[in-house]
Amino acid sequence: MSTQPASGQQQGDILLQVRNLKMYFPIVKGAFGAVKGYVRAADDINFDIRFGETVGLVGESGCGKTTVGRCIVRAYKPTGGQMLYYGSNDGQVVDLAELSEDQVRPYRRDIRMIFQDPYSSLNPRMPVFENVGEGLLNLTDIRGKDLEERVKDAIVRVGLRPEYIRRFPHAFSGGERQRIVIARALVTNPRLVVCDEAVAALDVSIRAQVLNLLENLRNDLNLTYLFVSHDLSVVRYICDRVVVMYVGKMVESAPVNDLFARPLHPYTEALMSSVPIQNPRQRNRGARIRLEGEVADPSNPPTGCYFHPRCRYAQERCRVEQPVLREVAPNRMVACHFAEELDLQGAIQA
Amino acid sequence: MNDSLLEFKDLRVHFFTDEGVVKAVDGVDLSVPRGKTTCIVGESGCGKSVMSLAAMRIVQKPGRIVSGQILWHGKNGKVTDLSELSPSGPDIRKVRGGEIAMIFQEPMTSLSMLYTIGNQIGEVIRLHQGVSKQEARNRTIEMLRKVRIPRPERLVDEYPFRLSGGMRQRAMIAMALSCNPALLIADEPTTALDVTTQAQILDLMLDLQREYGMGIMFITHDLGVVAEIADYVAVMYLGRVVESADADTLFNNPKHPYTQALLGSIPKITATRQPLEPIQGMVPNPFRRPAGCSFHPRCAQAMAACSEIVPEAYRIADGHIARCLLYADNQPAGGEPAQSMMRSMR
């Protein structure tokens, strides 16, 4: 059940281009539904996903990372921008952001999602067979014996036994449920899988099993992942490139090793510095950067750079002028006026 | 350790459910020293939370303390066995909130939505210190300032839902510390918070510990947090402490296979990609605990004897013990004669 690259596509070719993606949610007040403003959950997001790579989307809660993931699987129709998909079988480039509900259906097989909480994302009243096979029933003509074969295939792929398909979700542990959720995503032979905090709810010993499973599946099935996560250690482990978001804006994107060796945006630096290091000998708390204050309100963001009230390098210009996302080195985008001048520290080296 | 604040001695807390007995805590020996941070680490279901609830005597039915002691070394050298007190009597009420305070993972569920922050913290102060309303209010504002909540004179009259997650957890800490407890039990207090907020809260807790000198018993599943704050660490698996040591030893010279496996299965931010070695299998069903060492079905170094003998705690070095038959040639940590008999069986 390996996914063949669409017409001539290979490792490294662009699979999805996200351009100026916007998702605004209206704030409705009063009995007549007057719109009082917008929550800019995602604003001007730009990044590419290449065939066969894992792109990490990181940030703190409320930064809009899940919103971007949901736009890509078209759970939301974006307010603006483009999502150019290069993976369609006829070789055409399609803008997923523009398609109507009906037009987007054929692509739902190609782009699938894995959710965080394996307890709430499986239907408790359906056996595993129906939970996993639902996508095929809804999106393809596969029925009967073939359907059962495909479901069993997917279940075996994720390391469970084929006879499990008759059981109900409550009979499984959290780790096994997450495998079922992964099987459900794989059953349609997708090209791109959006993993939304796919391991966050799992215990540490199970987390490593699932991370390794995702890694093996990527290699075996030529999958491409968008890995939405708040956990920088996991992102560092599994991703090839990383996009960092803050209050709905993209602040930085870079290849994973470059980002962790030398971040270019002060927010990325502070985020890395906050991650606990697993060795008491490296505590060295004085040298760590601590953010003051709280994340800005996305419905009422500060002027200029959204990060400036908490930024230790902020200057007058940051208060008034919003920085644009620009390419400062090959494959390195950053939205900071002073990216070239700052010498920021990466994750502390072991 | 002579400077114990709280001592668990062979504590057993079992839950008598319709489906069977869950031995959530099954023979825990642990000492929490004064003025230091002791981290209890383990996966879900290992009994780390139940153990702390037992110390506060707030284990819910159908759970109860079956045997063992919880020795509280209170003021002026008085030792009380908390497990013998009535869970709703006046003696435990004096300890709970006054001498031992507790904060929980989700501050929104531990604060009442119907009362203001000032009301809730003030109540604790008035109950335990018997001061006037006005004085309690002043002390509340003082505490809120201590936990670095901005504009405490205004915030004292706010309701919890108006605060962010990090601010609520600060308010909880303010409430917990308002009576200057000797021990603060923190049950996953930063798990629901973002990393930058988590870093702020951990810093705050350590600063306040320096100022007030309280002991902290910190319960978490996150080894990163443990490495950041712990003086001593106890690793739990299925209701027992399998290894305990000072933080440096535990991270740099772990002895129990479970601790070693746990440390090897976590991605590290400082290292480049190296393959993770996950622990095989999963935490067993609590109704069907494996015989012998509970970890043996998942253990890479399991021997034949592991499925039969429940390992006792062996002494590795001063203050470092491991419950594993690999170290059966070492001195038993407890030194009870009954246990050395089992050693000769090997």
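In chain B, helix 11 (residues 257–264) has five residues listed as buried, namely B:P257, B:Y258, B:T259, B:L262 and B:L263; buried denotes under 20% relative accessible area, against over 50% for exposed and partly exposed in between, with a 1.4 Å probe and protein chains only. Helices (H or I, at least four residues) and strands (E, at least two) are DSSP runs numbered from the N terminus. The model is predicted: local features need pLDDT of at least 70, side-chain atom pairs count only at pLDDT 80 or more, and totals for chains, interfaces and linings use all residues. Residues are numbered from 1 along each chain as its sequence is written, chains are lettered from A and ligands numbered from 1 in the order in which they are written, and side-chain values use heavy atoms, with hydrogens and water left out.

The buried residues of helix 11 of chain B pack against helix 6 (204–221) of chain A. Within chain B, they pack against helix 9 (223–229), strand 9 (232–237), strand 10 (240–246) and helix 10 (247–252). Contact here means heavy atoms within 4.5 Å.

**Chain B overall**

Chain B contains twelve helices and twelve strands. A compact globule of 346 residues would have a radius of gyration near 20 Å, and the 21 Å of chain B agrees; the radius is taken over C-alpha atoms, and the globule rule is 2.2 Å times the number of residues to the power 0.38. Accessible areas come from the Shrake-Rupley method with a 1.4 Å probe; for residues, only the protein chains shown count as cover.

| Property of chain B | Value |
|---|---|
| Box filled by C-alpha atoms, along the principal axes | roughly 65 × 50 × 40 Å |
| Buried residues | 55% of the 346 residues |
| Contacts joining residues at least 24 apart, among those at least 6 apart in sequence | 62% |
| Accessible surface | about 15100 Å², 50% from carbon and sulfur atoms |

**Strands of chain A**

Two strands pair if DSSP finds at least two bridges between them. An open sheet of four strands in chain A has the order 2-1-4-5, with antiparallel pairing. Strand 2 (34–50) and strand 5 (94–95) of chain A are at the edges with a single partner strand each, so one side of each lacks a neighbour in the sheet. Two bridges link strand 4 (residues 80–85) and strand 5 of chain A in the antiparallel sense, and A:Y85 has A:V94 of strand 5 as its bridge partner.

Elsewhere in chain A, strand 6 (residues 111–114) runs parallel to strand 7 (residues 192–196), joined by four bridges. A:M113 is opposite A:V194 of strand 7. From strand 6 of chain A, A:I111 and A:M113 point one way and A:R112 and A:I114 the other, all of them buried.
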